[in-house]
2 protein chains.
Amino acid sequence: MTGRLYGIGLGPGDPELLTIKALRLIQAAPVVSYFAKAGRRGNARGIVDPWLTGAAIEVPLHYPMTTEHAFDSPVYVSVLAEFYEKAVASLSTHLDAGRDVALLAEGDPLFYGSFMHLYVRLRERFACEIVPGVTGMAGCSAAAGAPMTWGDDVLTVLPGTLPFAALVDKLKASDAAVVMKLGGNFAKVRLAFEEAGLLDRALYVERGTMARERVSPLKDKPEGPAPYFSLILLPGQGRRP
Amino acid sequence: MTGRLYGIGLGPGDPELLTIKALRLIQAAPVVSYFAKAGRRGNARGIVDPWLTGAAIEVPLHYPMTTEHAFDSPVYVSVLAEFYEKAVASLSTHLDAGRDVALLAEGDPLFYGSFMHLYVRLRERFACEIVPGVTGMAGCSAAAGAPMTWGDDVLTVLPGTLPFAALVDKLKASDAAVVMKLGGNFAKVRLAFEEAGLLDRALYVERGTMARERVSPLKDKPEGPAPYFSLILLPGQGRRP
């Protein structure tokens, strides 16, 4: 009997925003695995820290250093593909030995993120189950107290990595929007909101649901890059009796 | 001292997909309130059934019968506004008396749904806190094992209530999409997927994460309306090393 892979959504950052099911499976799993930057413990490991019992084998998966390569360069793609293959081999050893693996994913496992790259490779050989999680988007709108979609509002989720013109067009065509993956794209994204005439309606949320959470109008966010746990919300204004 | 309003996301349907925080607050609240169709217990009440201790005062909020009115008719709007005002009055009595109220919301409280209509009215007078939840969308993609967004994919969330032409245009412009609020709109939405050339990529999910869950290619869903807990997923196909 081979083990089962659980893809477990951890939610937006507050450890209490794990689901009851996620907690049960993490505490029962003989192997707990998570992604982390080289030399770091990683955000996922931090979120589950209050819940781990110490009984599980931990398998950290350390990302290779790729900052010197563009996202669409062949080198980046091949370095990342090799990393995923190694991670698959590492987890397969446990699964082949009959040990269930809880593979942690910040937010929801099937909404962006690295988990999916291992999932599509491992599900060919092993039984898998996905435990959905609260997205960073939902965590940040809760932190801001900002209702996102009303009535017939259309919501668009945009990666900040898109080109400027595409961001402007998509924002103009949306009733409500969320922009993820800000980082070094922040200045471009802010300008896109301005160009679309939506700067005054947008909110900037940093570390939503976590310690040092910060919510402000987008126009008041100081210049400079945005941290990993940050996004921009454009709340909808649809039908409300 | 007045009470505090908690807007609590219940997740997509499986009672184990409540967050740990939601469970703690629901079990501590002196008043638990939820929406329900007239004469029914309601889906929200069903989801928390395994967790209620019997200690709380329950305040069901029964929707008025509105099926005979169009969504955008003045009669519908006024009947619904009156219902919300009555609900606000009912919850205010408890909050004014210093009792915290846990107001339940299926999925996430700030992502469509009735909770927001009470929230924007009550937050003027009472302290409020939102507990984000797992969306129906995340629950259904987990049920389908369908990764939704990769790399730079743009995701569009569409209400099935939109006109046919708008659905077709929005679907064509999306890398990934979710269509909610199917019900009697199902035939129109299915046709929009066909017109956009996307019928073969779409999945239909009914009662995701619940008993009698059902996942199928959209093209295999039999004709007829779709139940309340159903949606259509168009998984993205973006960058994947």
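User: What makes the side chain of B:Arg121 and the side chain of B:Glu85 a polar contact?

Analyst: In this predicted model, the two side chains come to 3.0 Å. The cut-off for such a pair of N or O atoms is 3.5 Å, with one atom able to donate a hydrogen and the other to accept it. At 3.0 Å, the pair B:Arg121 and B:Glu85 therefore counts as a polar contact.

User: Which residues does B:Arg121 touch, not counting those up to four places away in sequence?

Analyst: B:Arg121, which lies in helix H4 (residues 115–122) of chain B, touches B:Ala81, B:Tyr84, B:Glu85 and B:Val88, along with A:Pro241 from chain A. B:Ala81 is 40 residues apart from B:Arg121 along the chain, and their C-alpha atoms are separated by 11 Å.

User: Which residues of H3(A) and H4(A) meet?

Analyst: From H3(A) there are A:Ala81, A:Tyr84, A:Glu85, A:Ala87, A:Val88, A:Leu91, A:Ser92 and A:Leu95, and they meet A:His117, A:Leu118, A:Arg121 and A:Leu122 of H4(A). By class, that contact has 8 nonpolar, 2 polar and 2 charged residues.

User: How do you know which strands stand at the edges of the 5-strand sheet in chain B?

Analyst: The order is S3-S2-S4-S1-S5, an open sheet with parallel pairing. Strand S3 (57–62) and strand S5 (128–131) of chain B each have a single partner strand, so one side of each is left without a neighbour in the sheet. Neighbouring strands are turned by 20° against each other on average, direction ignored.

User: What makes S1 and S4 of chain B count as paired?

Analyst: Pairing takes at least two bridges. Strand S1 (residues 5–9) and strand S4 (residues 101–105) of chain B are joined by 5 bridges and run parallel, so they count as paired. One of the bridge partners is B:Ala105 in S4(B), for B:Gly9. Helix H1 (residues 20–28) of chain B packs on this sheet, at about 135° to S1(B).

User: And which strands stand at the edges of the open sheet of 10 strands?

Analyst: That sheet runs S9(A)-S8(A)-S10(A)-S7(A)-S6(A)-S6(B)-S7(B)-S10(B)-S8(B)-S9(B), with mixed pairing. Strand S9 (214–217) of chain A and strand S9 (214–217) of chain B stand at the edges, because each has a single partner strand. The twist averages 15° from one strand to the next. Within the sheet, strand S7 (residues 176–180) and strand S10 (residues 230–234) of chain A pair in the antiparallel sense over 3 bridges, with A:Val178 partnered by A:Leu233.

Notes: Residues are numbered from 1 along each chain as its sequence is written. Chains are lettered from A and ligands numbered from 1 in the order in which they are written. This is a predicted model: local features need pLDDT of at least 70, side-chain atom pairs count only at pLDDT 80 or more; totals for chains, interfaces and linings use all residues. Side-chain values use heavy atoms; hydrogens and water are left out. Contact means heavy atoms within 4.5 Å. Helices (H or I, at least four residues) and strands (E, at least two) are DSSP runs, numbered from the N terminus. Ala, Val, Leu, Ile, Met, Phe, Trp, Tyr, Cys and Pro count as nonpolar, Asp, Glu, Lys and Arg as charged, and the others, Gly among them, as polar. Axes are lines fitted to C-alpha atoms, for helices over the stretch in contact, and angles run from 0 to 180 degrees between N-to-C directions.
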